[in-house]
Amino acid sequence: MTAPSAENLIPLWKLPTRSAQLAWLDSAEISPRDLLQLANQFARSNPQNADTLAALVATQSPDLQPQAYYLQARLRTMRGELQGALTFIDQAEQAHIKRNETFAALRTNLGRSHILNELGQHAAALAATQTVIDALADQPRDENQTLVLTRAYQNRGVILETTGQYEGAQAAYESAEILAKQINALESLSDIKNNRGIVLTHLGRVTEAINSFKEAIALFANLNLDIVEAQAWSNCADAHLSAGQYTDALAALREAESRLVAKSATAHELILRRKTGDVYRALNLYPEAITICESLDEPLLAAGMSDHRARMLWGWGATLSAMERWDEAATLLTEAAQLFAHADNIPLLARVRLAQMTGQQAQGQSDAARITFSEMESLLDAQRWPVQWVAAQLQAASLQPSPLATLQAALAAAQQLGLPTLIYRAHQQLGHVYLHNHDPANAQRHLTAAIDIIESLRGTLAHEMALTAFLRDKTGAYDDLLQLYLASGAEEEAFTLAERAKSRTLVDLLTGVIVPAAASDELLKSAETIQLAALQADLNATYNQFFGSDEPLAQLQARAKRLEQQIAQIRLRTEGSRRVKHAERVAERFSKTPLVAFHILNDEILAFVAWQGERRVVRQVGSVIVVRRLLQRLAMQWDRFRAGTHFAERHLQLLERSARKILQDLYVNLVAPLAEHLPTDGALTIVPHGLLHQVPFHALHDGATYLLEKFEIGYAPSVTVWELCQQKPRVAGQNTLVIGSADDLIPLVAEEAAQIGALLDATVLLNEGATIQQVRERIDSAEVVHFACHGLFRADNPLFSALKLHDGWLTAADVMQCDFSNALVTLSACESGRSTVLHGDEVIGLPRAFLSAGAATVVVSLWLVPDETTGALMQQYYQQLPRTNRAAALRNAQLALMQTHPHPYFWGAFVSIGQR
């Protein structure tokens with residue numbers, strides 16, 4: 001008989017049928033027992049081959065059927081086919097009993113307990129382990145029996161951990177470790193270290209947990225056990241996430257995934273995807289987290305993985321709650337609570353209750369929140385489940401009239417655990433309470449501590465998408481400290497803090513704190529890159545249908561959103577940025593140009609105003625509620641022009657009066673309170689905040705004139721960004737690139753591109769020449785870049801806002817991979833200036849993308865504009881440029897267009913952002 005090896009079995013894998021494989025084995029004279037031994041070796045490194053060999057052994061040798069069945073059960077468990085695995089376990093047990101193999105039949109309870117635990121049948125799983133323990137614990141044992149007893153205790157620990165019984169789990173692992181050391185069972189010792197790390201993570205002892213996982217990983221690697229090494233990396237990711245080490249968590253998940261390549265370990269892959277969604281949720285990457293949850297629901301349900309499905313539902317519901325999609329969140333959280341209650345998993349049930357309570361409080365349902373907290377409080381024990389207890393106390397504090405004692409106890413417990421994600425929340429809430437108790441010293445101490453931790457956590461991130469979303473739910477500490485500074489007259493500190501909270505990621509990109517990471521050659525050839533290209537082709541086709549398709553808009557939106565999220569998932573994994581230095585201090589001074597930097601605190605709009613070397617804070621400038629209502633009415637005014645040119649022409653004077661009235665009301669609520677602190681004419685820089693990024697300040701009307709008629713207005717997302725743009729070299733504008741892509745909806749674009757190209761003596765890429773590849777090749781050396789084409793704003797996924805070229809769409813994410821160093825970029829495209837503003841005032845869209853790619857100035861439109869008047873405006877703009885700065889050139893062009901088209905719809909859409 002020939003001893004089999006992976007190499008001499010290569011011909012076997014190529015045979016198409018079971019009978020052909022059996023015939024080949026007979027001719028090769030390979031022993032079934034040797035074949036089974038090799039199948040067991042493959043089980044944790046190549047499960048697909050192991051399953052083939054086990055099935056052949058079961059057919060070939062009745063004597064080895066029980067072992068082959070048991071191995072097939074293990075392999076189906078790894079693939080998430082749990083019911084099928086349980087069937088094979090039962091078959092293995094019956095085969096052993098039939099052969100009077102009592103101990104071997106007993107041993108099948110190890111596999112049975114694991115499968116039952118995954119199916120959520122925890123009591124039955126514990127009973128299976130107890131059967132083994134009762135049979136072997138107090139009896140004389142040989143080494144093999146001791147190993148089986150060791151694994152029974154290990155499985156018992158896993159089941160107790162799954163149900164939140166951490167003390168019992170630790171005791172079970174201690175028993176297993178004693179036995180494993182007696183027989184030097186290295187694989188079991190590795191498993192025990194891995195399992196103990198899981199419990200330590202739940203107990204908040206994260207540093208110990210990570211060390212335990214790393215020891216297990218090293219042992220598994222030495223034993224060449226790829227799949228269990230992947231499990232240890234996966235568990236290590238949980239520990240990193242608990243400590244707020246988000247980058248390390250994602251790196252650990254990638255390590256785990258790399259060890260599952262071609263292993264047919266579907267169940268483990270599902271778990272990794274779930275955990276990746278958990279990290280995205282913690283980073284406030286909500287759409288990406290939801291996409292993962294949606295893709296996991298059916299596979300987890302089909303596999304019967306109730307515990308992991310419950311965890312997924314909990315994360316999904318918590319994400320929807322954070323997005324204020326309350327009804328959907330409530331349904332998912334209710335189902336998760338039922339699953340955890342059925343499993344008697346108290347700590348995770350408490351966490352679901354906490355998520356439900358958070359949603360109730362956010363909706364003002366205080367009575368319901370108190371009831372939920374009472375249910376949760378009765379479940380939790382501070383000693384047994386400290387992490388959950390701290391989180392519950394922090395959430396409950398807002399329901400108490402005097403929460404200081406509760407918060408101080410929670411802070412002390414969080415500090416003892418050493419978990420920064422809990423510590424900063426405790427400091428933030430204590431600071432808030434002290435602020436309202438008129439105790440500024442303690443308020444400042446706690447708020448500063450909270451912000452320091454938040455900044456430290458943010459400092460570990462490098463990926464641009466994560467950095468952009470991170471502050472989304474963490475602005476409370478900044479707002480409270482800003483209120484404290486303003487109340488105490490500390491205006492310098494107030495401005496610095498307000499500026500610190502604006503466009504932070506854009507500042508990091510412009511100052512080189514983070515830089516885009518180059519894709520490796522291996523990555524460019526990877527399957528994910530091929531998949532990305534296919535998805536982008538589908539997305540391009542979908543975007544094209546937004547212009548002239550008969551398909552319902554809702555269906556197009558849904559398909560575009562799905563494709564965008566699939567692309568975003570791949571980009572998060574394969575692209576990104578890397579942090580190369582610590583963040584520099586943001587701008588703490590205004591330049592000599594008169595400047596207004598707005599800031600929003602709750603409903604109050606305030607402004608930092610600088611002029612003539614003086615700086616002052618103006619409080620109560622306006623109301624967010626009032627301005628939001630006025631902006632909604634203004635958007636309706638622009639929409640009226642979409643009813644058709646005949647309607648607009650017939651009612652133009654009435655439409656102009658209506659629009660001017662709204663623009664006058666916006667002036668009263670945003671500019672009139674500042675008038676005494678500003679010059680009467682000249683240059684003026686506006687730094688909006690929050691919803692004020694939608695305001696066309698230059699088109700506001702004071703009752704007599706538009707601001708444009710008094711001021712040369714430039715815009716910037718933050719004072720720091722504005723100053724960085726002013727410091728960029730002033731380009732001569734001699735190397736100019738004009739890109740035009742016309743169609744039936746914007747036929748005059750070709751004429752606009754040709755005229756501007758001739759005016760500037762530019763290289764013109766028109767229609768068939770305006771391809772994505774041509775644009776990328778030509779932009780590196782261009783000092784002025786003009787796009788005349790369709791623009792698409794994607795509110796849900798602003799990084800996918802895009803410009804339509806001849807062969808596809810250039811998205812904001814694509815732009816960020818280009819080099820527009822020091823260029824003037826003009827986007828003569830519909831809605832090219834619209835952006836989504838995240839909490840933390842990260843403005844996401846095409847203008848920000850071009851600035852982050854190095855552009856010094858970006859000229860964009862805030863609403864849909866007709867191509868006829870746009871072409872005239874652009875010609876005037878470029879004619880003015882040689883004689884004045886960019887903001888002044890745009891103003892002069894708008895004033896000229898105002899003479900023939902007085903309605904602000906025609907001349908007011910474009911703004912100049914960045915260098916004047």
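## About the model

Because the model is predicted, local features need pLDDT of at least 70 and side-chain atom pairs count only at pLDDT 80 or more, while totals for chains, interfaces and linings use all residues. Residues are numbered from 1 along each chain as its sequence is written, and side-chain values use heavy atoms, with hydrogens and water left out.

## Helices α13 and α15

Let us start with a helix pair. Two packed helices are described by the angle between their axes and the distance between the axes. Helix α13 (residues 226–242) packs with helix α15 (residues 266–282) at an angle of about 15°, and their axes are 11 Å apart. Helices and strands here are DSSP runs, H or I of at least four residues for helices and E of at least two for strands, numbered from the N terminus. Axes are lines fitted to C-alpha atoms, for helices over the stretch in contact, and angles run from 0 to 180 degrees between N-to-C directions. The two helices are therefore roughly parallel to each other (angles under 35 degrees).

On the α13 side, the residues that meet α15 are I227, Q231, S234, N235, D238 and L241. Their partners in α15 are H268, I271, L272, K275, D278, V279 and A282. By class, this contact has six nonpolar, four polar and three charged residues. Nonpolar covers Ala, Val, Leu, Ile, Met, Phe, Trp, Tyr, Cys and Pro; charged covers Asp, Glu, Lys and Arg; polar covers the others, Gly among them.

Which residues of helix α27 (residues 491–500) are buried? They are A494, F495, T496, L497, A498 and E499, where buried means under 20% relative accessible area, exposed over 50% and partly exposed in between (1.4 Å probe, protein chains only).

Contact means heavy atoms within 4.5 Å.

## E177 in helix α10

E177 lies in helix α10 and counts as buried, at 17% relative accessibility. Leaving aside residues up to four places away in sequence, E177 touches L189, I192 and R196.

## Two residues with positive phi

N184 sits in the loop between α10 (166–182) and α11 (186–202). Its phi is near 55°, a positive value in a residue other than glycine, and N184 is exposed, with a relative accessible area of 54%.

Q620 is placed in strand β5 (residues 614–623). Phi of Q620 is near 55°, again positive in a residue other than glycine, and Q620 is exposed at 57% relative accessible area.

Methods:
Parallel < 35°, antiparallel > 145°, perpendicular 65-115°, else oblique.
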